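Hi,

Here is the structure I promised to pass on. Have a look, and my notes follow below.

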Amino acid sequence: MAEFDPITGRYVYLDTGWGRSRVFFEEAGSGRPLLCLHTAGADSRQYRELLCDKEIGARWRIIAFDLPYHGRSTPPEGWWEKEYLLTTEAYTATIMAFVRALGLEQPVVLGCSMAGAIVLDLARRYPTEVGAVIGLEAASKIEGRFVDWSIQPDVNGSEMVATWTYGLMAPQSPEPSRRDVWWIYSQGGPGVYRGDTYFYSVDWDLRGREGDIDTSACPVYLLTGEYDYACTPAETAATAAAIPGARSATMEGIGHFPMTENYPRFREYLLPILQELGTDEGRSSR
Amino acid sequence: MTSQAVSRSIFPAPGWFEALRAAAAADAELAVIGRWFTLDIALVVDRELVVLRLRRGRIDEVLPAPDIGVAWDVTLRGTGGDWETFLQPTPPPFYTDLLAMNSRVSSFSIEGDRRKFVRHLRALGRLFAIAQTIGAKDG
C-alpha cells in the first residue's frame, strides 16, 4: 500500500502589483484557516510537517503558498528585465490577494522571518480581515541581511545562500531537518533571496508604529528561537513590548526556522496558541 | 590529584590540528564538495597565529607561528575564549557558526579576502563543523 501525505496542491492565478502570476499552494485539514507564509528565498515546503500534523488538521485548514518568484509559483512575465526587490506594499498586497482569492475568512496568519515581519503589517492594516497573527523570528527592524554576495558571478549563489541560512539554526535541531532547510534554500531562483531581504532588512521598518496595531481586533503572538542571530529573542521581546497586548516567548533550543528545523519542538509552542485562538466555533464567539 | 579532572584546552596545540587534518580527510561530505576547496586561512587565537593551507578539500599543511614571508587569504580572529566557546558540538547562541560570531561577537572577526571566504562558505562551514566535533578541550 502506497504511503501518501494528507496534502493536496493546486494553482491559483493572482493579479498583484507585479502582474499576473500562477501561484502554487498546498493545504491539508479542515476548519478555521491557518495560512502559513514561508521565509525569504524559500517556499511552502518549509511547512510540510505542520501540513501533515493530523491533530492540528482535525481543527484547522492549513494552507501554505509560494510567493511569486518562489517554489512552484511563476514570476510575472517580463521578470528578466526587472531587478527583483520585494517591498512591503507588494508583499502585503500579494498575501491579501491570496486571502481574497481563496475566500479565507478571518485566517490566522503564521509567518517566519520576513513573513514574521509582514504578519505584523497585516495586523496593522487589515485587522478586520485577518483573525490573528503569529510571527516567528520577527522584530520591528532587522539589520544586515541585504547583501550582494549571492549574485556575484564568482560565487555559487545557490550554495552560499543555503549555507549562510544553515548557520542560523540551532545545533540541537535534527541534522536531517536542518539539511532540508539547506536543500530548499539551494533551490531558490537567482537573486530571489537577496530580493526578499531587501524587504526584510531595508524596506521593512515598524519602529515607532508598533502602537498602531490593535491586538483586541487582531491578536499578535511572537515566538523567536534562542539560537537565531539574525533576529534575536531580545529584539523580538522589544517589539512585543511596544505592541500593546502582544504576547511573546523565546523558543529554547531552536534557531531561525522553527517549523522546519525542529517541528516537534516548535509544536510545543504553537499548540497552546492555536488552542487559545480556538477554531471555527471559538472564532464566532470572539 | 583531585577526583574530578579539570578539562584542559588542547586548542590551538599542534595535536589538535593533526586531529582536524585526519577528521577532514576522512569526512565523506568534504570528499564530495571539496574538489575546489583550495585556499589559505589563518586562525588567530589571542596573539597566536596558525596558518592552514587547504588544498582540494584537505588540510595540506599546518604552519604555527609562520614567518614574515608567509601569506594567506582569510584571517579568522578571536580570543581564546571565543574559540573555546565555538569549538564544541553544542555551542551557545551566537557561537554556532563563523558568520554568527562575526555578526554578534564583537571580539571575533573575519578579515582579509572576505570575498574568497564567501566563495568557499560551504566547505569552510563543513570544515569547522568537523572542528566543533573535536572540541577545544580534553577531558
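In this predicted model, strand β2 (residues 39-45) of chain B and β5(B) run parallel and share 5 bridges; two strands count as paired if DSSP finds at least two bridges between them. Helices (H or I, at least four residues) and strands (E, at least two) are DSSP runs, numbered from the N terminus. V44(B) has R77(B) as its bridge partner in β5(B). β5(B) is also joined, antiparallel, to strand β6 (residues 109-112) of chain B by 4 bridges, with T75(B) opposite E111(B).

Buried means 20 or more other C-beta atoms within 10 Å of the residue's own, with C-beta atoms placed from the backbone.

L20(B), in helix α1 (residues 14-25) of chain B, is buried because 21 other C-beta atoms lie within 10 Å. Leaving aside residues up to four places away in sequence, L20(B) touches I59(B), I130(B), A131(B) and I134(B); contact means C-beta atoms, placed from the backbone, within 7 Å.

As for the two chains, 16 residues of chain B contact 15 of chain A. On the chain B side, α4 (98-104), α5 (114-119) and α6 (121-134) each supply at least two residues, and α4(B) gives the largest share, 4 residues.

On conventions, residues are numbered from 1 along each chain as its sequence is written, and chains are lettered from A and ligands numbered from 1 in the order written. Local features need pLDDT of at least 70, side-chain atom pairs count only at pLDDT 80 or more, and totals for chains, interfaces and linings use all residues.

Best wishes

Definitions and conventions:
A residue is buried if 20 or more other C-beta atoms lie within 10 Å of its own, exposed if 12 or fewer, and partly exposed in between; C-beta atoms are placed from the backbone.
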